[in-house]
Amino acid sequence: MDRKLLLIILDGVPWRNFRRLFGNLEGWVDSGEARVWKLRSVLPSTSASCYASIHTGVVPAEHGCTGNGNVFRLRHKDVFSQMRDAGGVTGAVAHSYWSEFFNRHPFDHVRDVEYDEPDSATINHGRFHSMTGYGHANQMTPCDLDLFASLTNLCLRFGLDYGMLHSCTLDCMGHRFHHDCHEMDHACFVMDEMLAPFIPRWRQMGYEVIVTADHGQDARGHHGGRDPLQQETALYYFGDANGPEPDTVIDQLELAPTILTRLGAPVAETMRAKTFLSG
Ligand SMILES: [Zn+2]
């Protein structure tokens, strides 16, 4: 592979929360370590639909995932499968939907909670959580420090060329507490502080890093539709590539072909969006 890259997806973080509340990420923008752009999610701006589009590079109208109640093994080629075609080693630390979309459906809690499959056509090293029982009063999300550590563990043990991490914490907090409140300010602050020490560590290990969200949330913690608060999030990039002008709005479909191009893996013929990084 040409390079190594980690994609960090913090579920349900609107543009304004990233830019107002993530002091470490914003500090690295100021110091030049990171660049940031606005990113607009696909429609519907619903979690599962967005996960599928992030990794296949096609809209929900094409891949067919209409929402969280319609999760299945996708038929489209995706970032994991293209990386495997190129001989890369892949890993994921994420909600179980990611395993169902890109490896096996339905999710078998014992078999699929943790697997190491060197010959897999998609995900070689997976660590998944289902959040079974999730609800308004019972969040059921893992600690994010543990998720960041698990990804780092996989990188060190298995030499991942591409690793994807997904955390639902802030999406759940937004659904519970909405956005104009101390609870959300604090949750974003804690996420930023937990993530921050890992970024220089991953960079020292040779990884480019992208931090973004699947979608935003509006003032009532809702998403799914076209409201800019629901669709728009930030994308932070740590790496050496040339990027677009600062006021560019990146289309979520550009993530898959951009990641594959950075890593030197073939872009699937179904991934028709342009790439936002070059050089
Ligand atoms: Zn989501």
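Biologist: What relative accessible area does Glu-254 have in this model?

Modeller: This is a predicted model, in which local features need pLDDT of at least 70 and side-chain atom pairs count only at pLDDT 80 or more, while totals for chains, interfaces and linings use all residues. Residues are numbered from 1 along each chain as its sequence is written, and side-chain values use heavy atoms, with hydrogens and water left out. Buried stands for under 20% relative accessible area, exposed for over 50% and partly exposed for the range in between (1.4 Å probe, protein chains only). Glu-254 is buried, with a relative accessible area of 4%.

Biologist: Which residue meets the side chain of Glu-254 in a salt bridge?

Modeller: A salt bridge requires a side-chain nitrogen of Lys or Arg within 4 Å of a carboxyl oxygen of Asp or Glu, and the one at Glu-254 spans 3.1 Å, N to O. The pair links parts 20 residues apart, with Glu-254 in the loop between strand 9 (249–251) and helix 13, and its partner in the segment after helix 13; helices (H or I, at least four residues) and strands (E, at least two) are DSSP runs numbered from the N terminus. The partner, which is exposed with a relative accessible area of 56%, is Lys-274.

Biologist: Which residue meets Arg-127 in a salt bridge?

Modeller: The N to O distance in this pair is 3.2 Å. Arg-127 lies in strand 5 (residues 125–129) and its partner in strand 4 (residues 114–116), so the contact ties together parts that are eleven residues apart in sequence.

Biologist: How many residues apart are Arg-262 and Glu-208?

Modeller: The side chains of Arg-262 and Glu-208 meet in a salt bridge of 2.6 Å, N to O. Arg-262 belongs to helix 13 (residues 255–263) and Glu-208 to strand 7, so that the pair links distant parts of the chain. Both Arg-262 and Glu-208 are buried, and their separation is 54 residues.

Biologist: Where does Ser-47, a donor of the zinc ion, lie in the chain?

Modeller: Donors are N, O and S atoms within 2.8 Å of the metal (3.2 Å for Na, K and Ca), and as water is not among the atoms, sites may look incomplete. The protein donors, from Asp-11, Ser-47, Asp-214 and His-215, lie 1.9 to 2.8 Å from the zinc ion. Asp-11 sits in the loop between strand 1 (4–10) and helix 1 (15–21), 36 residues from Ser-47, which lies in helix 3 (residues 47–56).
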